[in-house]
Amino acid sequence: MAERFDTVLRAYRRQAGLTQEDLAERAGLSARTIRALESGQGRVPRPASVREVAKALGLEADDRRRLLATAAAAADGPEGAAETGHLGHRRYLPYDIPDFTGRTAEVARLTELVGSGTASAVLVSAIDGMAGVGKTTLAVHSAHLMAGRFPDGQFYCDLHGFTPGYDPVGPASALEVLLRMAGVDGARIPHTLQERSALWRTTLSDWRALVVLDNAATAEQVRPLLPGSASCAVLVTSRRRLLALEGAVPLSLDVLPEAEACALVARIAGHHRVADAPEAVAEIAELCGHLPLAIRMAAARLAHRPAWTARDLATELGAGRVRSGPGGNEQAVSAAFALSYARLDPGCQRLFRLLGLHPGADLDAYAAAALADTDVATAGQWLEELVDVHLLGQYTPHRYQLHDLLRRHTQEILQENEPPADREEAELRLLDHYLHTALSARPVVAPGQRLLPFEVAHPPAGTPDVSDRASALAWYEAEHANLVAMITHAAARGRNEHVWQYTHVLQHFFDIRGRTLDWVTTHELALAATESLDNRLAHSETLRSLAIGCWHAGRHEDAFRRGLEALALCQEIGDAWGEAVTLTNFGIAQEQLGQIEEAIDLHRQALALYGGIDGDVDAAWGEALSLTSLGTAHAQLGQATEALDHHRRALDRYRLIGDPWGEARTLTNMGAGYRQLGRFGEAVTHHARALSLNRRMGDRRAESEVLNDLGATYHAAGHRDTAHRRHQRALDIARAIDSSLQTARAHQGIARALMDDDPDAACHHAEQALVADGELSAPEAAELTAFLDGRSGLFKR
């Protein structure tokens with residue numbers, strides 16, 4: 001089997017004794033880039049980056065050639081295909097533990113089921129068993145073994161069916177996670193469960209994909225997540241037998257047989273440590289109830305205690321079982337846990353207890369440091385120690401998770417050992433850690449946009465690097481689920497200040513990443529919070545943002561209602577900026593509804609208000625948005641010269657405040673204006689500048705949009721072949737991110753380019769444009785319909 005780039009890179013880094021952060025600093029790259037390259041999850045290794053990494057690692061010539069060769073192979077393989085718009089290999093499985101032991105018959109059964117090739121429908125295997133029996137470990141290990149049969153993607157989603165302190169993940173939320181893993185643009189994810197389920201089935205319809213759904217509560221939770229194609233397979237784990245899951249092949253998992261349990265003890269503790277004490281090993285396995293989770297915890301203590309013998313461990317475990325009371329696998333886990341926990345140093349014990357306060361699914365060393373009120377390096381050492389003794393899992397680099405049973409233990413010992421005041425302080429430090437980092441990242445990703453003033457009460461001593469746009473966005477993405485969990489938790493605890501501050505800071509991230517459901521849900525919580533606080537400025541800001549979220553969610557009545565409430569409150573409290581930006585938003589909505597004259601009037605009202613706000617960077621950003629929006633409205637009326645004047649003024653303001661998103665958007669609009677005037681060279685120049693900015697920011701949706709604009713410009717200039725190539729490239733990207741609007745525009749452009757030379761192919765693309773979710777404007781659709789009607793003898797619609 002060919003070597004994998006991510007595996008080779010990870011080995012060289014560890015050989016050099018470097019962390020991912022160390023390597024990133026030496027290579028002049030972001031830590032997020034190194035993490036992505038080592039995870040193998042969709043990032044194509046770029047030759048220039050690989051050369052810098054090789055140099056930073058100090059590799060000799062042969063090793064450098066080896067690293068470059070594996071990078072080239074990755075770029076030529078399925079991952080590289082993503083750069084040209086093809087599917088790409090999406091690997092989202094957690095780590096496969098290196099010391100997997102036993103379960104030979106079960107692995108063989110799963111392999112046989114999935115590999116039979118006789119299924120006429122999607123194959124589902126439901127693995128059930130008690131907590132701690134190793135269901136997840138078996139499913140993940142088997143998935144890794146079978147990954148080669150599913151080259152289009154392997155997906156993993158924890159449904160938290162039995163996680164203490166959590167509600168099970170709803171199918172709609174799980175589908176959002178899975179669809180994003182599959183490359184679906186967040187802005188294109190529907191809002192109803194039925195639509196999301198249909199899109200998931202459609203997306204995977206011709207894929208060979210494997211889906212692991214872990215910790216399911218019920219068949220109802222799983223059923224909407226199933227693909228519809230026989231080329232896919234699903235592994236489900238649950239503590240219950242999912243008898244109501246139609247077509248699922250059950251696999252009930254019992255505790256390990258004695259021989260396999262003893263083998264696991266020896267593997268974790270070290271064969272040389274237990275080779276001369278088979279009776280003690282068997283006793284350890286029995287005292288652990290033959291449960292893999294309990295065995296791992298107990299044997300890890302022996303591995304880390306050179307002076308101990310297997311008999312010493314058995315004695316300690318026996319005493320723990322007596323103290324815990326007789327019988328049951330729960331007592332086995334409790335005894336193993338008590339043994340591991342008792343041998344930790346006090347600081348590490350305290351961190352473990354406090355982990356039970358974290359409302360999210362995972363955490364990193366920075367969050368752990370905030371909880372324990374210590375430095376990041378110490379927290380990182382404690383986390384790794386907890387991993388070493390199997391009290392904590394590490395499924396991806398530097399991200400840590402608690403097993404459900406162990407989370408229950410943290411909450412029990414937390415109540416016993418931490419006074420309420422100390423628990424509250426730790427909780428506040430954690431809330432403020434995430435809020436402080438999110439607040440630090442916000443101006444980096446949204447320069448010039450208004451932030452209401454507030455101070456974080458407990459700023460953390462150490463925070464992740466969010467000093468540039470790439471690292472800030474990477475942090476937001478990595479912590480997205482935790483940030484939403486913090487808002488929900490704060491709302492449940494009545495921490496209203498945190499609720500509105502979090503949502504205010506995160507609104508831009510929700511917007512640019514298409515997280516519309518989270519946007520609306522969190523802002524509805526913030527609306528109640530600001531009402532309780534009687535903070536009228538924060539309330540109006542929340543109303544305004546909620547209105548935009550409702551508009552994107554298709555809830556237009558709610559959007560107008562919330563927008564009108566925001567407008568009235570801004571006028572009442574004298575918030576001119578809030579009033580102006582609300583008018584701008586109404587103008588954009590009217591333009592999208594085809595009410596151009598009304599849109600122009602609203603934008604002019606907003607500009608007049610911005611003009612009365614002196615020396616305010618918020619005003620400059622707002623003016624820029626209104627100006628370029630006003631320009632697009634004039635362009636729709638055929639007033640290209642006036643439109644360009646508004647765009648130029650907007651561009652000056654965006655550049656003044658350093659907002660590349662706004663700059664790229666305005667350059668795109670200017671290119672369209674120059675095309676209207678027939679000044680094609682200037683149009684291409686502006687489109688090219690926008691394209692460069694969008695690529696630098698990694699905004700593939702905007703890149704597809706600009707390529708379509710370039711195609712339209714080349715077609716208008718008479719360069720049909722060049723136009724075809726630009727639209728084809730836009731189509732490749734739009735398909736990869738599932739942007740139906742840009743897909744429709746690309747098909748439309750290709751149809752135009754082929755109308756004379758290949759009318760049959762043009763008919764095909766025209767039809768595809770029309771069926772792309774109705775995203776085309778009425779004139780564009782009419783043009784294509786007329787063409788198809790004229791070709792009806794050649795192409796049947």
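Visitor: What makes β2 and strand β5 count as a pair?
Guide: This is a predicted model. Two strands pair if at least two bridges link them. β2 and β5 (residues 233-238) have six bridges, in the parallel sense. Therefore they count as paired.

Visitor: Why is strand β2 called mostly covered?
Guide: Buried means under 20% relative accessible area. In β2 (residues 123-128), six of six residues are buried.

Visitor: Which residues show that both faces of β2 are covered?
Guide: On one side, L123, S125 and I127 are buried. On the other, V124, A126 and D128 are buried too.

Visitor: How much space lies in the second largest pocket, and which residues are closest to its centre?
Guide: The pocket holds about 1100 Å³. Its lining has 46 residues, and I97, T137, G393, Y395 and H403 are the closest to the centre.

Visitor: Which element gives the most to that lining?
Guide: α8, with four residues. Elements that each supply at least two include α8 (135-146), β3 (153-158), β7 (393-396) and α21 (404-417).

Visitor: What makes up the lining of this pocket: how many nonpolar, polar and charged residues?
Guide: The lining of the second largest pocket divides into 20 nonpolar, 14 polar and twelve charged residues.

Key: Residues are numbered from 1 along each chain as its sequence is written. This is a predicted model: local features need pLDDT of at least 70, side-chain atom pairs count only at pLDDT 80 or more; totals for chains, interfaces and linings use all residues. Side-chain values use heavy atoms; hydrogens and water are left out. Buried means under 20% relative accessible area, exposed over 50%, partly exposed in between (1.4 Å probe, protein chains only). On a 1 Å grid over the protein atoms alone, a cavity is a set of points where a 1.4 Å probe fits but cannot get out, and a pocket is an open set with protein on both sides within 12 Å along at least five of seven lines; lining residues have an atom within 4 Å of a point. Grid points are joined across faces, edges and corners, and a volume is the space filled by probe spheres set on the points. Ala, Val, Leu, Ile, Met, Phe, Trp, Tyr, Cys and Pro count as nonpolar, Asp, Glu, Lys and Arg as charged, and the others, Gly among them, as polar.
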